[in-house]
Amino acid sequence: MQATDVFSTTLRALVLNASYEPLRIISWQKALIMWFQDKVEILEFHSTKVRSVSNSFHLPSVLRLKTYIRPKRVDGVRFCRENVYIRDLHTCQYCVKKFNHKDLTIDHVLPASQGGPKTWTNVVTACRPCNQRKANRTPEKAKMPLLKPPRAPTWLPVIEHEVHPDSAPMVWKDYLRFKAN
Ligand SMILES: [Zn+2]
């Protein structure tokens, strides 16, 4: 099979844990190997077919591990805007609605003008209208309670670094909702 250019990134496979929690994204080649090794069951296929000498078959799109594995945890998640959004699941911590990346901002809980630091425990995800409404006030002053107190994450789902929710294949979207909190 000589088809690398045909198999763009959209033909990668999403791997779910036995618990259906998304774990990672792998190449279609790796997906086939895992399938041949009987490590996974295939839940969804891509519409694209692969042809070998004697056979043709659809490539797997969503795989589920037959055995549960403990998700990898990382110590000291890097502090940056993107990771704050990921920690907060792209959800405004004031109005509790989910937003696209471009409609989100980061908000200092204790405003920077009052000495609030740019740290995991003082920065949350906020939509633009909420950020503007809160302005230079604390949540108490603004009467805008936080969904939950911000904390430094000990881990982030690896998956979030590899696929933006907006660009995930349609068929993955149902499974990505099962993301671990
Ligand atoms: Zn909001």
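Trainee: A salt bridge is a side-chain nitrogen of Lys or Arg within 4 Å of a carboxyl oxygen of Asp or Glu. With that in mind, which residue forms a salt bridge with Lys-102?

Mentor: The partner is Asp-103, and the closest N and O atoms of the two residues are 3.6 Å apart. Please bear in mind that this is a predicted model. The pair counts as a salt bridge because 3.6 Å is within the 4 Å limit.

Trainee: Is Lys-102 buried or exposed? And how does Asp-103 count?

Mentor: Lys-102 counts as exposed because its relative accessibility is 57%, and exposed means over 50%. Asp-103 has 30% relative accessibility, so it counts as partly exposed.

Trainee: How many salt bridges does the structure hold?

Mentor: There are 5 salt bridges. One of them joins the side chains of Arg-87 and Asp-88, with an N to O distance of 2.9 Å. Both Arg-87 and Asp-88 are buried.

Trainee: What does Lys-134 pair with?

Mentor: Lys-134 forms a salt bridge with Asp-107, and their closest N and O atoms are 3.1 Å apart. This pair links distant parts of the chain: Lys-134 belongs to helix α3 (residues 128-134), Asp-107 belongs to strand β5 (residues 104-108), and 27 residues separate them.

Trainee: Why does Lys-134 count as buried? What about Asp-107?

Mentor: Lys-134 has 0% relative accessibility, so it counts as buried. Asp-107 counts as buried because its value is 3%. The cut-off for buried is under 20%.

Trainee: Changing topic: which residues make up the largest nonpolar core?

Mentor: The largest nonpolar core has 10 residues: Ala-13, Val-15, Leu-23, Ile-26, Ala-31, Met-34, Val-40, Ile-42, Leu-63 and Leu-65. Two or more residues come from each of β1 (13-16), β2 (22-26), α1 (28-36), β3 (40-51) and β4 (56-65). Another core lies apart from this one; it has 9 residues, among them Cys-92, Tyr-94, Val-109 and Met-144.

Trainee: What is Leu-63 in contact with, leaving aside its neighbours within four places in sequence?

Mentor: Its contacts are Ala-13, Leu-14, Val-15, Leu-16, Ile-26, Ala-31, Val-40, Glu-41 and Ile-42.

Trainee: In what order do the strands of the open sheet come?

Mentor: The open sheet has 4 strands in the order β2-β1-β4-β3, with mixed pairing. β2 and β3 are the edge strands, each pairing on one side only. From one strand to the next, the twist averages 30°.

Trainee: How many bridges join β3 to β4, and which residue stands opposite Glu-44?

Mentor: β3 and β4 run antiparallel and are joined by 8 bridges. Opposite Glu-44 stands Val-62 in β4.

Trainee: Lastly, which strands does α1 lie across?

Mentor: Helix α1 lies across β1, β2, β3 and β4, and it runs at about 75° to β4.

How values were computed: Residues numbered from 1 in each chain as written. Predicted model: local features only at pLDDT ≥ 70, side-chain atom pairs only at ≥ 80, totals over all residues. Heavy atoms only, no water. Buried < 20%, exposed > 50% of the residue type's maximum accessible area, 1.4 Å probe, protein only. Core = buried A, V, L, I, M, F, W, Y, C linked by side-chain atoms within 4.5 Å. Contact = heavy atoms within 4.5 Å. Pairing = 2+ DSSP bridges. Axes fitted to C-alpha atoms, helices over the stretch in contact; angles between N-to-C directions.
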